[in-house]
Amino acid sequence: MNTVATAQMRQTAFGPDRALKGAAMLWFTVALAGQWLFVVYIAIFYGGSTLAGDFERIDGRVFHGFIAGDVLGNALFMGHVLLAFSITFGGPLQLIPQVRNRFRTFHRWNGRIYIATAFIISLGALVLVYSRGVIGGPWMIAANTLNAALIMYFAFMTIRRAMARDFRSHERWAMRMFLAVSGVWFFRLGFGFYAFITGGEMPGSQNNLEGPFDLSLAFAYSIVPIVILELYYRARDTDGPVAKTAMTGGMLALTAATGLGIFMAAQIFWLPNM
Ligand code: HEM
């Protein structure tokens with residue numbers, strides 16, 4: 001067989017490269033469905049409650065919703081939820097190659113909005129967290145601060161690499177940013193998944209979110225997805241098939257865990273409030 005035919009076969013055959021890419025795409029598709037379910041919940045619960053003027057309903061859902069007299073805090077909270085809707089809906093569109101390649105102007109403008117929203121939502125949330133406190137105490141504040149710092153750092157690097165026209169690096173930073181922005185969503189999935197595997201017992205989790213499980217999850221939701229992404233890049237960029245095949249298996253397992261987490265989070269947090 002000549003070398004051209006061999007090269008063509010390598011490109012079309014279902015080898016480790018394509019298997020890994022397929023597994024990553026499958027994960028992203030499941031994640032996208034779960035993120036947009038979160039978006040639907042935000043729109044129906046917060047949008048619906050606000051339009052109906054039912055702020056007590058919102059207060060019953062979160063630790064600090066509306067505090068009498070705290071005009072700035074209340075406005076920041078409502079702004080937070082509104083921006084959460086925008087960033088969770090629009091962000092993933094940046095990562096879909098077909099959208100990126102066919103609608104370049106949209107990608108540029110949506111990207112600018114995404115980056116700006118990431119900074120505004122993170123800075124606003126930090127003001128909220130430090131002025132009002134959070135359920136979970138000082139460690140939860142530290143975990144929230146880490147998440148906000150990572151979002152802003154990754155957003156900064158994403159735009160910087162795009163402006164330098166280094167699109168390979170830009171794409172990697174954008175992916176890191178997407179995972180950091182998805183932290184709050186991962187947090188809910190983590191609880192859902194843990195509820196499933198412990199049959200609802202959830203040892204180490206407390207109502208005040210100060211249990212060892214709660215606080216570990218609060219840090220893990222920012223760190224673990226980034227570590228997995230770096231492992232994925234390493235496997236993708238090595239020559240041998242072993243790392244790629246192992247990572248493909250890992251991605252498929254993660255896809256199943258993500259799907260289960262979404263299903264459980266929907267049952268516990270989202271669907272009852274829609
Ligand atoms: C960037 C992506 C983010 C999204 C999509 C997001 C989304 C949300 C949503 C939907 C809520 C309402 C709670 C619910 O109904 O589940 C919320 C509340 C909250 N978020 Fe975020 N958030 C993001 C980033 C952050 C960051 C970086 C911080 C911390 C620095 C933060 C701190 C908070 C706090 C303190 C609350 C109120 C929780 C309570 O009082 O119970 N968020 N967020």
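In this predicted model, helices α6 and α7 cross in a left-handed manner. Helix α6 spans residues 104-132 and helix α7 residues 137-163; their axes come within 9 Å and cross at roughly 160°. Because an angle over 145 degrees counts as roughly antiparallel, α6 is roughly antiparallel to α7.

The contact between these two helices draws on Ile-115, Ala-118, Phe-119, Ser-122, Leu-123, Leu-126, Val-129 and Tyr-130 from α6. On the side of α7, the residues involved include Ile-141, Asn-144, Ala-148, Met-152, Phe-156 and Ile-159. By class, the contact of α6 with α7 comprises 14 nonpolar and four polar residues, with no charged residue.

Helix α6 also packs against α4, at an angle of about 145° and with the axes 9 Å apart. This crossing, too, is left-handed. From α4, the contact residues include Gly-73, Asn-74, Phe-77, His-80, Ala-84 and Gly-90; among their counterparts in α6 are Asn-110, Tyr-114, Ala-118, Gly-124, Leu-128 and Arg-132. The contact of α4 with α6 has 12 nonpolar, eight polar and one charged residues.

Attention now turns to the packing of α4 with α2. Helix α2 (residues 16-51) and helix α4 (residues 71-90) lie with their axes 9 Å apart, at an angle of about 150°. That angle makes α2 roughly antiparallel to α4, and α2 passes α4 in a left-handed crossing. The contact is formed by Gln-35, Trp-36, Phe-38, Val-39, Ile-42, Ala-43, Tyr-46 and Thr-50 of α2, together with Phe-77, Met-78, Val-81, Ala-84, Phe-85, Thr-88 and Phe-89 of α4. These residues divide into 12 nonpolar and three polar, and none is charged. Phe-77 and Ala-84 of α4 take part in this contact with α2, and Phe-77 and Ala-84 also meet α6.

By class, the lining of the largest cavity divides into three nonpolar and three polar residues, with no charged residue.

Conventions
Residues numbered from 1 in each chain as written. Predicted model: local features only at pLDDT ≥ 70, side-chain atom pairs only at ≥ 80, totals over all residues. Heavy atoms only, no water. Nonpolar A, V, L, I, M, F, W, Y, C, P; charged D, E, K, R; others polar. Axes fitted to C-alpha atoms, helices over the stretch in contact; angles between N-to-C directions. Helix = DSSP H or I, 4+ residues; strand = E, 2+ residues; numbered from the N terminus. Parallel < 35°, antiparallel > 145°, perpendicular 65-115°, else oblique. Left-handed = near helix turned anticlockwise from the far one by under 90°. Contact = heavy atoms within 4.5 Å.
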